[in-house]
Amino acid sequence: MRAAALWLIALVIFGVIASGCIGGEEAKTSQADVQLTGDITKDLVEIGKVLEQNGVNEVKFSAWGSGDPNSVMRVYGIVEAARRINKIWADNGINVKIVITETHYVASFQDAYKEYLSKQPLGQAGDFFVNSYAFLPTLADEGYILDITDYAKAYQSVIDDFYPSMIEASKYDGKLYGLPQDTEARPLYIRKDVAQKIGFDLNGLDEKVKKGEFTWSDVYYWAKKAKDEGAAEWGLIHRKGSAHPDLIQFIFAFGGKLYDPNTGKLVVDVPAVYKWLYVEWKFARGGLLPEDIMSWDWAKQIHPAIVEGRALFDIGGTWYWTEWQTKQYYAKGGTPRGLKPEEVRDWFYYTLFPAGEKGDKPVTLSQPFVWMINSKAGQLNPKYDELKDVYHKLAFLMLIKASDPDINAIHSVISAHLPVRKEAAKLIKDEKWLNDLKALNLDLSDDVKNNIRDIVQATVNPINAQFLANVSYMLEYTHLAPAHPKYPALADIFKEAVDKVLRGEMTPEEAVNYIIQKVNADPELKENVEIQGEIPKDWKFPQG
Amino acid sequence: MTKGKLRDLSFFLSPMVLMVFLFYLVPLVMTIYISMTRMRNWNVDRYLTEFVGLYNYERLFYMFQHDPTFKAVILTTVVFVGITLMINVFGGLALALATFFINERPASSYRLLWLLPRMSPIAVYSLVWYYFFHGSEIGTLNSILMSLGLISEPIPWGQVTPWGAWSVIIFVNGLVGVSFGMIVFTSALNQIPKELVIAARVDGASSWQISRRILIPMIKWHLLYVLTWQFLSLLTTYPHLFLLVQWDLVNRDYGTTLALYVFNTAFGRGEQDQGLAAAAAVILSIIGILGGFVTLKVLKFERMMKKPRGDF
């Protein structure tokens with residue numbers, strides 16, 4: 001019995017060894033080193049040849065993105081890049097093809113980030129990931145995205161065409177971890193019809209705002225007048241939920257800061273935060289701003305209040321411009337509908353976010369979205385271990401292709417985001433190109449055309465293009481919220497403080513102390529945040 | 001115990017022992033271990049071996065001392081579990097008794113009605129209450145009260161702290177949980193010989209007297225089971241709360257229980273801190289074990305478990 005068992009074990013061991021040997025002649029890997037030269041066709045051909053020599057005829061990638069319904073080019077840009085690369089390979093007789101296996105696109109960028117975070121370690125996250133630059137430091141720090149600094153050196157001419165602030169937003173610790181995809185400004189929208197009723201002259205207002213002559217005290221004055229005279233139900237409407245990024249603008253508008261580059265720490269700038277909370281408190285106490293707005297419904301309350309002219313001012317984003325045209329927020333005639341481009345143009349004035357008080361500067365805030373590459377990109381493809389560097393370089397070249405000026409410009413026009421490349425900015429001013437886009441008479445894959453056809457019909461017109469051209473100057477005034485792993489936690493605390501002052505649960509002074517208490521209550525947050533300055537004595541709002 | 005009996009016992013018990021080991025003990029040990037690491041952002045490779053001892057527990061204790069939000073979370077947990085538990089147990093009992101005394105057909109329909117919240121998908125069910133309790137005029141409750149002239153301004157129900165927020169989360173979860181007790185008690189009541197009830201009726205006992213003197217004493221162990229089960233369940237429940245807080249219907253501080261805090265810390269924020277969440281989960285488990293133990297002791301669970309006096 002024992003002898004039989006020994007024989008059986010020996011047989012199993014032999015079987016295991018044999019199965020590893022039979023047909024186990026090691027698959028040879030041909031030369032797998034490719035040097036990027038900066039000539040994209042040449043580099044792609046080189047990569048294509050290496051893949052072909054190694055028996056790889058199909059490369060699979062997936063693209064993950066998020067955002068409003070008009071921003072689908074965040075993933076279809078990758079699809080289009082794959083098609084363009086496949087064409088280059090076909091033209092050069094290379095029998096390799098890129099297949100985009102998944103275009104995962106969800107509405108909430110925070111949810112998309114959480115999903116990426118939990119699935120990346122398991123190797124189940126998308127190969128390409130477009131999301132806010134605010135998450136880039138954490139992803140880079142955890143080793144979840146690819147450092148493309150060295151790859152980008154070969155493509156310096158393309159990198160130089162991006163606006164420098166956008167490239168800076170794509171860096172962490174001095175290294176480049178992605179390429180900018182889009183950005184935006186956050187104008188202060190003003191209803192022209194309400195302004196007219198109360199004698200608020202909007203001519204030349206944007207110049208006054210630029211010079212810091214029109215401040216938040218003036219916003220308060222006109223908001224109060226609109227309310228008192230019954231011209232509008234509300235003086236001001238702003239975002240709900242997180243205080244990031246729209247409301248954070250107040251800190252910059254009052255000359256404050258959120259980050260200290262010398263220490264690398266976040267900052268609670270007490271005077272600026274106090275003034276911000278005082279403004280919110282004052283507006284809410286006067287009934288000019290709904291005291292429960294932080295829990296308003298976006299689709300049923302916030303946007304309808306703006307598009308139906310029930311508020312004089314609104315703190316919004318450039319993307320509102322096309323969102324109001326594609327979403328059915330306007331229900332005054334009974335049946336909800338989107339606004340016509342002419343209506344948006346005729347009803348809304350827009351300017352920078354005004355200075356907090358005289359002596360301060362107007363601001364806007366951008367939250368660039370960045371195309372990042374998974375540090376495990378291409379792992380489901382053949383011979384990944386041997387060809388890892390080739391797959392990663394190919395992924396980088398796909399980002400370069402997806403950043404082609406026309407792809408970037410299409411995204412900007414249909415989603416009312418601002419272009420991140422100078423070449424794309426030129427393109428959106430080109431009337432012929434706009435007409436071609438309207439007719440979808442561009443060199444795009446059928447898949448992409450089919451997916452953007454409706455959005456193009458609703459949004460591509462000279463009015464929207466003109467709007468983008470008109471607001472692009474705002475980028476000169478832009479601020480970026482700090483790319484710090486602890487920033488989301490601090491922004492959450494700001495949101496709670498704003499909610500409490502709006503509801504009248506706390507005075508601005510109590511709310512500032514609440515923020516300080518909350519920061520100090522978490523040892524890790526306390527270590528990463530500096531509390532600077534004191535609550536100003538005898539500060540009054542409104543002034544003048 | 002003979003060798004043969006031990007072998008038989010091992011054979012029959014092994015599936016359950018294996019299940020308990022795999023699905024209870026291993027996760028518990030893993031949670032305790034993770035609570036002593038700096039694990040965050042799911043980076044297992046990097047942090048699993050970064051042992052920090054009791055650091056996460058110290059952080060929690062420090063936050064408990066200094067963070068008003070964390071204090072609110074603890075208080076909310078106590079109030080939410082306490083009151084919802086009473087609603088679930090006694091509400092379930094009341095429903096079971098009420099349907100016991102009426103005809104079977106309407107009783108079944110009525111019971112089915114109470115099962116609807118449990119059968120509805122969580123998101124749909126929560127959305128219904130989101131719009132019902134919404135703090136503006138778009139909220140169903142506000143619009144009804146305003147049209148009846150009972151209030152002139154909408155009331156932000158979930159944002160009135162602490163009782164407004166607590167009332168909403170207790171109401172929504174109470175409606176879901178009450179059906180569990182109802183089913184268990186109905187089933188137990190149906191096992192009671194009808195002769196006892198008929199005899200009591202003949203003697204002129206009222207429904208209340210029958211319930212108090214006959215029915216409730218006879219389903220005592222079921223009451224104990226539902227009480228313990230629901231206590232542990234409520235201590236760890238969070239999906240409905242998560243949505244109501246996420247949608248800003250209820251105040252974040254007074255709508256978050258410790259279970260939701262654990263979830264949000266581990267999965268729900270920009271910076272996901274699994275180490276800290278695991279520490280909070282361990283504390284939650286200790287509370288659960290202690291609470292369950294006390295409940296069983298107070299209600300003398302061992303009496304039910306004692307050997308029957310039959311022939312053995």
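Predicted model: local features only at pLDDT ≥ 70, side-chain atom pairs only at ≥ 80, totals over all residues.
In chain A, the bond joining A:Phe541 and A:Pro542 is cis, with omega at about 0°. A:Pro542 sits in the segment that comes after β16 (529–532) of chain A. In chain B, the step from B:Thr161 to B:Pro162 is also cis, and here omega is near -10°. That proline, B:Pro162, falls in the loop between α7 (140–147) and α8 (163–191) of chain B.

Chain B also has some residues with positive phi to look at. B:Asn41 isn't a glycine, yet its phi is near 50°. The residue is found in the loop that runs between α1 (3–34) and α2 (44–47) of chain B. With a relative accessibility of 2%, B:Asn41 falls below the 20% cut-off and so counts as buried. B:Asp248 is another non-glycine residue with positive phi, this time near 60°. It belongs to the loop between α12 (239–246) and α13 (258–268) of chain B, and at 13% relative accessibility B:Asp248 counts as buried too.

Rolling a probe the size of a water molecule over the atoms shows where empty space is left.

Across all chains, the whole structure holds 62 aromatic pairs. One of them is formed by A:Phe250 and A:Phe353, whose ring centres are 4.9 Å apart; their planes meet at 85°, so this pair is edge-to-face. A:Phe250 is part of helix α12 (residues 249–253) of chain A, while A:Phe353 is in the loop between β12 (348–351) and β13 (364–366) of chain A, so the pair ties together parts 103 residues apart in sequence. Both partners are tucked away: A:Phe250 counts as buried at 1% relative accessibility, and A:Phe353 counts as buried at 0%.

Charged side chains meet rings as well. A:Arg191 lies over the face of A:Phe348, at 5.0 Å from the ring centre. A:Lys210 does likewise with A:Tyr473, lying over the ring face at 4.5 Å from its centre.

Key
Residues numbered from 1 in each chain as written. Chains lettered and ligands numbered in written order. Heavy atoms only, no water. Helix = DSSP H or I, 4+ residues; strand = E, 2+ residues; numbered from the N terminus. Buried < 20%, exposed > 50% of the residue type's maximum accessible area, 1.4 Å probe, protein only. Phe/Tyr/Trp six-rings, centres within 6.5 Å; stacked < 30°, edge-to-face > 60°. Lys NZ or Arg CZ within 6 Å of the ring centre and 35° of its normal.
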